[in-house]
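Morning, everyone. I'll take the fold, then a helix pair, then a pocket. Please look at the screen.

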Amino acid sequence: MSSKTLGGDKFIVDYLHPLFGAKNDSEMFSQMVWISFLYTLSVIFTMYILPAPYGRYSSSKFGFLIPGKFAWMTQECPALIVPVILLLTTSATCWHSTANKILLLGFIIHYVQRAFIFPLSMSNPMKSSPFLVYISALSFCLFNGFMQGHYLLNYHQYDDKWTASPQFIIGIIIFYAGMAINVHSDQLLIHLRKPGETGYKIPTVGLFDYITGANFFGEIVEWTGFAIASCSPPATIFAVFSAAYLGMRAWHHHNYYLSKFEDYPRTRKIIIPFVF
């Protein structure tokens, strides 16, 4: 990529740096990581009181309802679109690094699966999503897509030795192992109901025999691997957020199953096999 200043670079300097009260990228990333940390704490607090109101917990109390698949796809896709826009409109001085490419492509692959393959593989409709939840998820994906994408494209360039380091190799293996668990568990849930069926059933097979949130566990593993491989503050705080949010989501699901099904396995853990 060219090292000359492009339109995207000017937009970041002229608009995003002042927005975050920053003089440069370093200060901006510091602010974004702190915002992410505070947001994570707020998510833990609010989700301790009530589950995030979408899916089985969807409620019109949080705004008018948006069709489920449309809401899901459009709220998730900014996380992959924003890095692509950054690649095309900024100087992307770090893009020629192999490690940067592998990390960013992994991030994009996840969101291709999450935003498009996952919802489009469902034969049954997804539950409608309240407007406030939709806007919150959309804003987060815009924010995080920019934070991860800009860091890997324009801020931190890994040297050639990083791809051969144990930390990078182990992290990438964990990342794709987590993705495999997440995708496999999602597909088990999707095929739990036959086309046209409604209501919820007890998930079984795979890691669902051991934990309620097998799909959530896979995604937590995924972003933990990403954080290990990148060793960056943006990736680390995203992994922390994912563990907090998905862990709380699994906790609510676990309580839901226990209250709804008398035969739900009492020995099944919530999110970590054999532990919790």
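Helices here are DSSP runs of H or I with at least four residues, and strands are runs of E with at least two, numbered from the N terminus. On that basis, the order along the protein chain reads α-α-β-α-α-α-β-α-α-α-α. That gives nine helices and two strands. Bear in mind that this is a predicted model.

Overall dimensions next. Along the principal axes, the C-alpha atoms fill a box of roughly 65 × 45 × 35 Å. The radius of gyration is 19 Å. For 276 residues, a compact globule would come out near 19 Å, so the protein chain agrees with that expectation.

Now the helix pair. Two packed helices are described by the angle between their axes and the distance between the axes. Take α7, residues 166-190, and α8, residues 214-230. Their axes come within 7 Å. They cross at roughly 160°. Angles over 145 degrees count as roughly antiparallel, and α7 and α8 are therefore roughly antiparallel to each other. The crossing of α7 past α8 is left-handed. What sits in the contact of α7 with α8, by class? There are 14 nonpolar residues, eight polar and three charged.

I'm showing the second largest pocket, with about 270 Å³ of space. It has 16 lining residues, and those closest to its centre are F11, L16, V82, L86 and F146. Which helices each supply at least two residues of that lining? They are α1 (7-19), α4 (78-89) and α6 (131-155). The largest share comes from α1, with five residues. By class, the lining of this second largest pocket holds 12 nonpolar and four polar residues.

Definitions and conventions:
Residues are numbered from 1 along each chain as its sequence is written. This is a predicted model: local features need pLDDT of at least 70, side-chain atom pairs count only at pLDDT 80 or more; totals for chains, interfaces and linings use all residues. Side-chain values use heavy atoms; hydrogens and water are left out. On a 1 Å grid over the protein atoms alone, a cavity is a set of points where a 1.4 Å probe fits but cannot get out, and a pocket is an open set with protein on both sides within 12 Å along at least five of seven lines; lining residues have an atom within 4 Å of a point. Grid points are joined across faces, edges and corners, and a volume is the space filled by probe spheres set on the points. Ala, Val, Leu, Ile, Met, Phe, Trp, Tyr, Cys and Pro count as nonpolar, Asp, Glu, Lys and Arg as charged, and the others, Gly among them, as polar. Axes are lines fitted to C-alpha atoms, for helices over the stretch in contact, and angles run from 0 to 180 degrees between N-to-C directions. Angles under 35 degrees count as roughly parallel, over 145 as roughly antiparallel, 65 to 115 as roughly perpendicular and the rest as oblique. A crossing is left-handed if the near helix is turned anticlockwise from the far one by less than a right angle, and right-handed if clockwise. The radius of gyration is taken over C-alpha atoms; the globule rule is 2.2 Å times the number of residues to the power 0.38.
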